[in-house]
Amino acid sequence: MQENKKIIALPEKFSIEEVATAMNEIKGLGKDHPIEIDLKNTRFIDSSGIAFINYLKGNYPNAVFENVKPEIEKIFSVFPSHASLEKRRKEKRSGFTERIKLTHVAHSMEHGLENLDVKLSHFRGNFKNFFVLLADEIYYTCQYFFQRRGIYPGEIWHQLFFMAYKSYPIVSMISFLVGVTVALTAAEQLRNFGADIYLADLVGFGMVRELVPLMTGIILAGKIGASITAEIASMNVLEETDALKTMGVVPEKFLMVPRLLAMTLAIPLLVAIADTVGILGGVLVAKFFSEIPAATFFDEMFKVVGLGDFLIGQMKTLVFGWIVVVSSGYKGFSVERSPAGVGIATTECVVLSISLIIVSDCIFALILY
Amino acid sequence: MTEIIRVEKLDVGYDGEVVLKQLDFSVAKGDITVILGKSGCGKTTILKTLIGLLPPLGGEVAFFGEKIDYHSEKTLGELYKRIGVLYQGGALLNSLTLYENVALPIKMQHPGLPPQIEREMVYSRLAQVGLAESAAKYPAELSGGMRKRTALARAMILDPDIIFCDEPSAGLDPITAAGLDVLMRNLRDLFGITFVVVTHELRSIEKISDRALVLHNGRIHFFGAYKDLFNLNDPFIDTFFMKGENHDY
């Protein structure tokens, strides 16, 4: 067996360039293969060199180290090996419990079933927490009408300014462009059937009942939802929500109720503006593309679109707005307390809000049509 | 001497995992009790339990002789009326001015208080921390030390029985940190406010401590009068205070 022993004589300077060569020499050797590392000539060793030695010590039980100079030995004493640290950690863990990082478990391929179980359990937890927050918000909002405590004075108006005044330009622009696009797309098809006049019905009905609520909801998710999540998540990271709690303030009420009420007040205004501007886009296309005068367009449109449709559009958008506020609050409060967590929570909030808006729009369609 | 807090057989940690176990200690009225230990030893964890944010995994905490029920909003509400907390980063609300931040506990707990009284209270507290002139500024316009002093003013605005401070000197230069220590000492001497301070700043510890709670290896290593710490001839304590050889802890 002795002739099989792999002998590696390390050079005078054993640093990162030489480590690669030494690693190549042990490549392909079994873990039990006898190895002799001769440090007779070695006078300088850097951290990568020590890492190589420590790696051998931890993984090759039959590796021996010869002619180690005292000054090199001294350097080893301040570079504990990964194996020794792992051993120490396990010893500590046996006497003292250590927090297990579930994310690590979740990402481990070795824990397939466990992984699935953890994910399912997370999903159940998230689902429950979302509805708990929703119920809390309904309770706190109702409570606010009877007991005006726990909310910063003037906050509702501040939020309303942000949600309505600051949002109406983008909501108007998108609605106008959607109105134009829908009208242009439909006008060409309707012309083929000689049914140009029905463009008014299609644009009016489509915008008021479907496209304005959906587009407004999506814009609010991107603009307001992301901003609410980022703000609450940052407050969580900076312990501001903890500070509120220890001042006897309920953060879920202090931060969310003004936003929910402001959203409730902002939606009718935004929807009215978006409906008007969106239909105006359709009117312009009808006038210049299908040569339908505005008066004729409106006459035809009001035969089909009534107050009920307008109110349904309002109601749908209101629900979408509440979805945006609750989803963003949920993601903000459940943020992982790190700067990266804020970014992740913000992205997740937008995805969650838009998904829930589309799901609820589908449910509305099933109920209303 | 009146005991404000009594902790018995307390286990604290996160998600069922114990970080500190079998803790027994008390905080006496008018004392500055300092919680010491290495980074990551659980100082902030125990502070979170003492201020009601983290339910314990075992044992109990009594506040003025009443056991804290961590699942009762009412009990926690009563606790929050009697404590103030100075967080590590100050935790001021960035959308509010200093005045509004300090006035926040008043507005939330006593919304009917006349604004003139509120103004007097806020300005006197801001003056005590040397920031009356900056009342209209926002936290982003202040230095770290000023933010912490504002947070201290907010913590004491409703005359709490006890103020908890999490690493008050962290991130501050030695002069500002020393100023904060002097401020805490003065508040204790003049108004009898009790402090529980989590720190590992040696200068700060020497200046303010009446009693010390040293945490090590998940347990209490020492609890008693600060001056008694140095009669122990304990290698960990000596290393911590840089008075002995640097053992590998």
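A nonpolar core, as the term is used here, is a set of buried Ala, Val, Leu, Ile, Met, Phe, Trp, Tyr and Cys residues joined through C-beta atoms within 7 Å. With that in hand, let's look around this structure, which is a predicted model. The largest nonpolar core has 140 residues, and the ones that touch the most other members are I35(B), L36(B), I163(B) and F164(B). Helix α9 of chain A, residues 199-237, gives this core its largest share, 19 residues. There is also another core lying apart from it, made of eleven residues, including I45(A), I53(A), A63(A) and I72(A).

## A three-stranded sheet in chain A

Now over to chain A, where three strands make an open sheet in the order β1-β3-β5, with parallel pairing. The edges of this sheet are β1 and β5 of chain A, each of which pairs on one side only. On average, neighbouring strands in the sheet are turned by 20° against each other, direction ignored. As background, strands of a sheet pair through backbone hydrogen bonds, either parallel or antiparallel.

Start with β1(A), residues 6-9: four bridges join this strand to β3(A), residues 35-38, and the two run parallel. One facing pair here is A9(A) and D38(A), the latter sitting in β3(A). On to the other pairing: β3(A) is joined by four bridges to β5(A), residues 63-66, again running parallel. Across this pairing, I35(A) stands opposite A63(A) of β5(A), and I37(A) has F65(A) as its bridge partner. You've met A63(A) already, as one of the residues in the eleven-residue core.

## Two histidines in chain A

H33(A) is found in the loop between α1 (16-26) and β3 of chain A. Is H33(A) partly exposed or buried, and why? H33(A) counts as partly exposed because it has 15 C-beta neighbours inside 10 Å, while a buried residue would need 20 or more. Leaving aside neighbours within four places in sequence, H33(A) is in contact with K6(A) and N62(A). Of these, K6(A) falls in β1(A), which covers residues 6-9. For a sense of scale, H33(A) and A83(A) are 50 residues apart along the chain, and their C-alpha atoms are separated by 19 Å.

H82(A) belongs to helix α4 of chain A, which covers residues 82-95. With 13 other C-beta atoms within 10 Å, H82(A) is partly exposed. Beyond its neighbours within four places in sequence, H82(A) is in contact with N54(A) and G58(A). In sequence H82(A) and K27(A) are 55 residues apart, and in space they are 20 Å apart, C-alpha to C-alpha.

## The domains of chain A

How is chain A divided up by its domain assignment? The assignment gives domain 1, residues 2-95, and domain 2, residues 126-368. The centres of these two domains of chain A, taken over C-alpha atoms, are separated by 63 Å.

## Where chain B meets chain A

The contact between the chains takes 22 residues from chain B and 18 residues from chain A. On the chain B side, the elements that give two or more residues are β2 (17-28), α2 (73-82), β6 (83-86) and α3 (98-109). The largest share of that side, five residues, comes from α3(B). Sorted by class, the side of chain B that touches chain A has 14 nonpolar, four polar and four charged residues.

## Two loop residues with positive phi

F64(B), in the loop between β4 (58-63) and β5 (66-67) of chain B, has a positive phi of about 50° although it is not a glycine. F64(B) is partly exposed because 15 other C-beta atoms lie within 10 Å of it.

D159(B) also has a positive phi, near 50°, in a residue other than glycine. This residue sits in the loop between α5 (144-155) and β7 (162-166) of chain B. Why does D159(B) count as exposed? D159(B) has 11 other C-beta atoms within 10 Å, and a residue with 12 or fewer is exposed.

Key
Residues numbered from 1 in each chain as written. Chains lettered and ligands numbered in written order. Predicted model: local features only at pLDDT ≥ 70, side-chain atom pairs only at ≥ 80, totals over all residues. Pairing = 2+ DSSP bridges. Domains from an automatic or database assignment. Contact = placed C-beta atoms within 7 Å. Nonpolar A, V, L, I, M, F, W, Y, C, P; charged D, E, K, R; others polar. Axes fitted to C-alpha atoms, helices over the stretch in contact; angles between N-to-C directions.
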